Structure formats: C-alpha cells, structure tokens
Amino acid sequence: MKSSLLSALVANALSVSAGTILWDGRFNDLSSSTDLNNWSWGNQVGPYQYYIHGSSPVTSYVNLSPDYKNPADTGSVQGAKITLDNTAYWNGQNMRRTELIPQTTAAINQGKVYYHFSLMRKDTNAPATTREHQIAFFESHFTELKSGWLSGAPGISDTKLRWCVSGNTQWSTEWEANVWHNVAYEIDFSANTVGFWHSTGSDPLTQKVAPVGASTSSNGADWHVGVLELPRSGYPDTDEDYYWSGVYIESGSLTTSVAGPGSPPGGSSSSSVVPSSTSSTTKTVSSTTLSTSTTKTSTSTTTTSTTTTSKAQSTSTTSSAPATSTQPSGCTASQWSQCDGINYTGCKTCASGLTCKYLNDWYSQCL
C-alpha cells in the first residue's frame with residue numbers, strides 16, 4: 001500500500017512540470033462575462049479581446065460559472081460556456097461565431113510555447129454533427145480542433161472531434177458528452193512545427209502527435225478561444241454550447257497536470273468541489289492518430305473509420321500584407337471552399353455560378 005501511494009505521488013510530481021505562464025486566460029480575473037464589455041480597441045483591458053460575436057448582449061454568448069469548468073482544473077475558479085445561437089453572426093458574415101482573443105503583449109508567438117485549454121460538450125445544446133466547427137483556431141488555421149461534418153466531405157454527419165494541421169486531420173476521437181478533453185498545442189514558431197498533447201478528465205496530458213511541420217504564422221493576437229461554424233444549406237441553426245476551462249499559454253517546460261500551474265486567487269482550491277451535475281464522466285475514449293490527405297481513408301488501428309476532406313475553410317479577424325500564389329491548372333473550387341489568401345496555393349477559380357468573395361488577407365471563399 002505504501003509503495004503504491006509513493007508511486008502515485010512520484011508520478012504526480014513528475015506530471016506537474018510547471019513552465020512560465022505568458023498569458024493567463026483562465027477567467028479568474030473576471031467577476032462575470034459582462035466584464036468583457038470593458039474591453040474596446042480604445043480601452044484594451046482584461047485578459048480577452050471581445051469583439052467577434054453577434055448583436056445580442058454578452059450573456060447570450062459567454063457565461064461564467066464554477067459549474068462550467070473541469071473539476072480537475074483546480075487552478076481555475078470558474079469556466080466559460082460559449083454559445084452559438086440564431087443571432088451569433090458577426091460583421092455581416094454568414095458564419096455563426098463567438099470567439100475571444102488573448103489580450104496581451106507577451107511573446108506568445110515566439111519560440112516554443114504551449115497553448116492550453118480544456119473543452120467539453122453536453123447532450124443539451126450539443127454542437128451539430130452536420131456542420132463544420134472550427135475551434136481554438138489561429139487566423140491562418142495552421143492548427144485547430146474541428147467537430148462535425150467537414151465541409152466537402154461525403155455523408156451527412158460526423159461525430160468526431162479532430163485535431164488538424166493546415167486542414168488535415170492528425171488525430172481524432174469520438175466526441176462524447178460530459179467528457180473533458182484537455183489539450184495543449186506544442187508550437188515552435190522558430191522551427192515551424194506543431195505537436196499535440198491530450199488527455200481526458202483528470203488524467204495528465206500525454207503527447208499524441210509529435211511535432212509536424214506547419215506554417216506557424218501568428219501576430220500574437222489571432223488565437224480564437226471559441227468556435228466558428230460554417231454554414232450548410234438545408235440545416236437550420238440550433239443553439240450550441242461549448243464549455244471551456246484551463247485556458248493559458250506557457251513557455252519553458254510543459255505543465256501536464258490538468259490542475260494547471262498556480263492556484264486560484266486567495267490560494268484556495270475549494271472551487272474544485274462543484275455540484276455533482278458538473279462532474280465529468282469517467283470514460284475510456286478511444287482515439288485515432290493519423291496524417292490525412294484529401295481522400296477518404298480508413299485506419300486499421302481502430303474499429304472506426306476516419307474520413308478526411310478538402311482543405312478547411314478559414315476566416316480571420318486581422319489582416320496583413322497579401323502574398324502571391326499560383327493556381328493549380330484545370331481546377332475549380334466548390335461552394336464554401338477557400339479560393340484565395342496568404343500562402344494559399346489551391347484552386348482560385350470558383351465553380352460556375354459562384355464568386356470568390358474576399359473576407360480578409362488570409363481567406364477568400366466561394367459563395
């Protein structure tokens with residue numbers, strides 16, 4: 001018994017290798033989501049920029065509560081519920097969006113850094129499996145999570161949660177209700193690589209995908225904590241809730257403990273005791289790790305097949321100087337597909353009846 005206890009303590013100690021927090025977005029400094037309204041371009045205060053959302057009050061899109069965090073995340077006093085409803089259209093776009101951007105001047109886009117967050121869904125207001133959702137993404141979409149039917153894929157729906165690099169699936173798992181998925185993007189902006197760490201519930205993070213090459217472009221103000229949903233004809237809007245916990249960025253050593261570095265303000269960790277209705281369900285979640293192309297692929301390492309699709313559509317909220325690109329000969333882009341943007345080398349001619357509509361320097365879309 002003593003030996004087992006000692007082994008557990010040693011394992012736990014090894015799993016908590018705290019790095020240096022560059023930016024802390026764990027919602028500890030917010031009394032309620034209405035504090036997000038204090039931010040503006042002329043008054044850049046608080047941990048988040050809040051401007052990518054619909055026209056309703058902030059409480060329609062973002063709400064905070066201890067009930068919304070991973071119970072194992074004792075470094076947070078509360079989590080966030082981010083919502084898409086039928087008003088969540090930003091800036092005249094046809095995509096539903098609710099997103100927060102780190103408000104910081106720290107070097108979160110330099111050297112090797114780790115972007116942490118935990119994500120969970122419930123059966124109530126579950127994300128639609130019939131539409132593509134881009135989650136925790138960068139402006140250039142060099143890495144992100146995705147859920148739901150991927151635009152351009154065969155079939156009607158997709159129940160997986162995926163980690164993608166440049167639109168290609170590298171890892172996937174069934175996205176089951178009430179399971180906290182803990183994630184760290186291992187990004188080396190100097191080496192242009194990104195890796196993936198993951199666990200569920202209270203388990204420490206483990207590396208699922210070793211760093212792979214990527215165009216790791218970021219201006220330090222373009223990581224989107226939230227969700228963008230691509231439109232799909234014939235599938236009406238439904239309310240969707242996404243639960244977030246443990247959001248922060250660190251450098252140095254990776255913190256693998258889901259408890260996170262530090263403790264809540266005042267040094268108390270009592271907030272980890274939450275109503276039983278918010279406890280995460282302990283399940284064994286099988287996953288698939290793979291590198292995919294634009295064709296349908298089946299993996300023999302699991303009992304499920306993984307379907308991959310065309311390069312992901314992406315959007316952005318800032319801009320930089322466009323870069324020229326060449327178009328592959330004899331190809332056309334289908335509806336909702338990307339058709340231009342910085343570093344984009346795919347089809348730039350839209351199918352008949354469609355127009356390549358400019359959204360920003362990184363992304364234009366066939367509409």
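How do the residues of the lining of the largest cavity divide into nonpolar, polar and charged? Five are nonpolar, seven are polar and one is charged.

The largest has a volume of about 110 Å³. Its lining holds 13 residues. Closest to the centre of this cavity are His 116, Ser 118, Gly 246, Tyr 248 and Val 258. Which strands each supply at least two residues of the lining? They are strand E6 (112-120), strand E11 (181-188) and strand E15 (240-251). E6 gives the largest share, three residues.

Now turn to His 198. This residue sits in strand E12, which covers residues 193-200. Is His 198 buried or exposed? Its relative accessibility is 6%, and the cut-off for buried is under 20%, so His 198 counts as buried. Its surroundings can be listed. Setting aside neighbours within four places in sequence, His 198 is in contact with Trp 171, His 181, Asn 182, Val 183, Pro 204, Leu 205, Thr 206 and Lys 208. The side chain of His 181 joins that of His 198 in a polar contact of 2.9 Å. Asn 182 is 16 residues from His 198 in sequence, yet the two C-alpha atoms are 5.4 Å apart in space.

Next comes a residue in a loop. Ser 76 lies between strand E3 (62-65) and strand E4 (79-84). What does its side chain contact? The side chain of Ser 76 makes a polar contact with the side chain of Asp 73, at 2.5 Å.

Last, the confidence of the prediction. The mean pLDDT of the protein chain is 81. Of its residues, 74% reach 70 or more. Where does pLDDT stay under 50? One such stretch is residues 264-285, for which the model has 37 contacts beyond four places in sequence. Over residues 291-326 the pLDDT is also below 50. That stretch has 106 contacts in the model beyond near neighbours in sequence.

How values were computed: Residues are numbered from 1 along each chain as its sequence is written. This is a predicted model: local features need pLDDT of at least 70, side-chain atom pairs count only at pLDDT 80 or more; totals for chains, interfaces and linings use all residues. Side-chain values use heavy atoms; hydrogens and water are left out. On a 1 Å grid over the protein atoms alone, a cavity is a set of points where a 1.4 Å probe fits but cannot get out, and a pocket is an open set with protein on both sides within 12 Å along at least five of seven lines; lining residues have an atom within 4 Å of a point. Grid points are joined across faces, edges and corners, and a volume is the space filled by probe spheres set on the points. Helices (H or I, at least four residues) and strands (E, at least two) are DSSP runs, numbered from the N terminus. Ala, Val, Leu, Ile, Met, Phe, Trp, Tyr, Cys and Pro count as nonpolar, Asp, Glu, Lys and Arg as charged, and the others, Gly among them, as polar. A polar contact is a pair of N or O atoms within 3.5 Å; within protein, one must be able to donate a hydrogen and the other to accept it, and residues adjacent in sequence count only if both atoms are side-chain atoms. pLDDT is the predictor's confidence in each residue, from 0 to 100. Contact means heavy atoms within 4.5 Å. Buried means under 20% relative accessible area, exposed over 50%, partly exposed in between (1.4 Å probe, protein chains only).
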